[in-house]
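The following exercises are to be worked with the sequence and the structure at hand. Each task is followed by a solution in steps.

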Amino acid sequence: MNSKKKNPIKQILAIRGMGGALTAFVGLIIIYCVFGMINHTVFAGENVMNLLRSMSKYLLIGIAQSFVLITGNIDLSIGSVAGMSAMIAATLMTHGVNPFVAMLITLLCCVVVGVLNGFLVGKFKLPPFIATLGTMFVARGVAYMVNGNRNTDAIATGIGKKAADAFQDFFYYGTTLGIYNTFLISIVLFVIFFFLLSKTRSGRHIYAIGSNVDAAKLSGVDVVATTTKAYLVSAFCACVVGFILCAQAGMGNMEAGNMYEMYGVAAGVIGGVSPLGGTGILLGTLAGSAVWQTLENGLNMIGAQVGIQRIVIGIIVLVTWNA
Amino acid sequence: MRLITNISHRLEELQHIVDRVTIMRDGQYITAMNYDEVTMDEIISYMVGREINEQFPRVECKKGKKIFEVKNLNAGKMVRNINFSVFEGEIVGFAGLMGAGRTETTRAIFGVDPKTSGEIYLDGQQVKIHCPMDAIKAGVVLAPEDRKKDGLCTKLSVRDNLILPNLDLVCNKLNIISSEKERQLCDKEIEELKIKTPNVNVDAGNLSGGNQQKVVVGKWLARNSRVVIFDEPTRGIDVGAKVEIYNLMNALKQKGIAVMFVSSEMPEVMGIADRVIVMCDGKITGEVMANETTQNEILTLATNFEKKQ
């Protein structure tokens with residue numbers, strides 16, 4: 001058995017979860033071309049840039065959810081954590097706190113939710129659906145309370161226009177080499193987490209507990225620590241999504257990130273990440289979030305209503321699950 | 001008139017039921033004959049595709065120093081005051097009825113289930129085992145009983161299963177996996193254990209029972225363990241694979257590794273183990289030398305229940 005002589009294409013196809021990811025990529029290309037033929041502006045450079053930026057949030061939330069789905073759990077709290085992140089960061093900045101300090105404090109708050117989720121599910125064995133449903137409400141409650149049950153003012157009122165512009169450019173409006181920063185941030189995080197999941201010890205542990213938690217435990221995997229790590233990644237990504245939402249609006253919105261946890265599930269599932277645990281790769285999540293945003297974007301371009309868009313997404317999720 | 005097809009690998013039961021046998025191997029028809037015209041050995045050699053010289057190949061070793069000792073182990077109702085030792089160059093069998101507390105004992109030793117009391121000594125040194133990772137680090141490993149439930153991540157590949165407990169051996173200081181080391185370790189295990197798999201990326205759950213069991217056992221062999229505990233390692237696998245597992249236990253014994261062998265099959269425990277510890281109702285009820293005992297003696301010990309007041 002000399003695996004060095006193997007065909008590289010075969011080796012790529014042999015990577016577990018690659019099938020689902022490639023299917024989603026093929027679907028993506030077909031969808032994109034179909035919409036492009038109906039309406040040529042879909043192919044326009046500006047539209048492509050917008051498309052990449054709008055999919056970034058869903059990619060990040062998809063990575064967040066995928067990590068947890070692969071462990072065989074679910075994280076319903078990420079949408080609320082994103083909202084909480086946007087509100088805490090914005091509230092601090094409207095009070096004149098330096099953006100870096102504000103982001104650091106926000107990140108700490110999100111990490112607390114991640115650790116809490118990990119302990120509730122890993123240590124205290126609460127069903128993940130219940131545990132994260134609880135933290136979902138708590139995090140949303142915090143998002144409401146930080147600024148006294150109302151949205152924040154523009155962040156520029158606290159930290160000044162210059163700092164506010166810098167913050168908003170970094171996360172949303174600015175470009176580097178002609179590409180929106182939002183997309184670059186999400187791709188950098190994607191690469192880091194892709195590596196983490198496929199090439200490190202913790203990554204393997206995440207797959208193992210998702211496939212068979214008892215067998216993983218008997219192979220020396222620390223289930224509590226691994227579950228917590230997955231929820232931490234999830235909370236971290238949700239936190240970054242919160243920053244993006246805050247930068248986009250230039251203020252904190254109490255409803256920011258609403259329903260995002262389910263968008264995360266959809267992005268993962270379309271890309272072949274199974275909510276039953278143990279299968280799927282982040283490349284699939286990337287493809288899944290792209291499929292979704294291309295659909296939304298394309299349907300928008302050909303003038304379909306939001307209702308139609310949602311129905312199409314729903315059907316796509318059902319079809320990919322059965323495929 | 002009715003035709004009844006009985007699909008089985010329990011050769012003992014055939015004599016009571018069947019008139020004709022058809023033998024298949026690796027998805028192919030091999031042969032068919034009237035049952036009273038063949039011997040058990042012939043059936044086995046057709047099933048395995050080669051002669052099996054001995055159903056229970058025993059290797060004699062000189063008994064050396066004490067390697068492993070368990071003192072006053074208690075864990076719940078099924079593990080009560082367990083004391084035993086394992087010496088270099090011997091396989092210690094654990095016989096008993098289902099529910100005698102043997103599996104619970106192995107789980108308590110390995111740190112899966114909490115112990116209420118007890119001490120474990122390895123090469124004369126006391127070791128503290130609170131979780132499986134402690135046991136693995138100390139050099140005590142367990143190939144569990146129920147491979148689908150406890151032994152394998154069936155949705156993961158053969159490679160991932162073989163590597164899972166050995167990630168520390170293939171990772172660098174930053175816990176990043178070296179693909180090269182991973183491949184080497186994996187190829188070595190597959191070769192040593194003759195695991196039949198199209199490639200290492202196949203789902204472990206798609207292998208045959210015997211090959212799945214080899215993965216369960218094989219993942220521990222890359223480590224320099226001192227004690228290997230096998231819990232019902234031959235349940236539900238074919239005769240050829242059984243002999244391979246026995247040979248593996250013998251090889252470990254020859255290397256001076258302490259082997260504990262839990263089995264409910266009386267003939268194999270007597271045929272492979274050197275010493276047999278019999279358990280009943282969570283307690284050790286006796287200890288016999290395999291070559292001096294009878295099935296009856298073991299059964300008497302295995303049913304030695306405490307008199308209920």
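**Exercise 1.** Determine whether strand S2 (residues 28–34) of chain B is buried or lies in the open.

*Solution.* Step 1: apply the criterion, by which a residue is buried if 20 or more other C-beta atoms, placed from the backbone, lie within 10 Å of its own, exposed if 12 or fewer, and partly exposed in between. Step 2: count the buried residues; of the seven residues of S2(B), the number is zero, so the strand lies largely in the open. Strands here are DSSP runs of E with at least two residues, helices are runs of H or I with at least four, and both are numbered from the N terminus.

The model is predicted: local features need pLDDT of at least 70, side-chain atom pairs count only at pLDDT 80 or more, and totals for chains, interfaces and linings use all residues. Residues are numbered from 1 along each chain as its sequence is written, while chains are lettered from A and ligands numbered from 1 in the order in which they are written.

**Exercise 2.** Describe how S2(B) pairs with strand S1 (residues 20–25) of chain B.

*Solution.* Step 1: two strands pair if DSSP finds at least two bridges between them. Step 2: S1(B) and S2(B) are joined by six bridges and run antiparallel. Step 3: B:Val21, for example, has B:Met33 in S2(B) as its bridge partner. Step 4: two residues lie between the strands of this hairpin, in which B:Asp26 takes a positive phi near 50°.

**Exercise 3.** Decide whether chain B is as compact as a globular protein of its length.

*Solution.* Step 1: the radius of gyration is taken over C-alpha atoms, and the globule rule is 2.2 Å times the number of residues to the power 0.38. Step 2: chain B comprises 12 helices and 12 strands. Step 3: for 309 residues the rule gives 19 Å; the radius of gyration of chain B is 20 Å, close to this, so chain B is as compact as a globular protein of that length. Step 4: 40% of the 309 residues in chain B are buried.

**Exercise 4.** Carry out the corresponding analysis for chain A.

*Solution.* Step 1: chain A contains 14 helices and two strands. Step 2: a compact globule of 323 residues would have a radius of gyration near 20 Å, and the 20 Å of chain A agrees with this. Step 3: buried residues account for 54% of the 323 residues of chain A.
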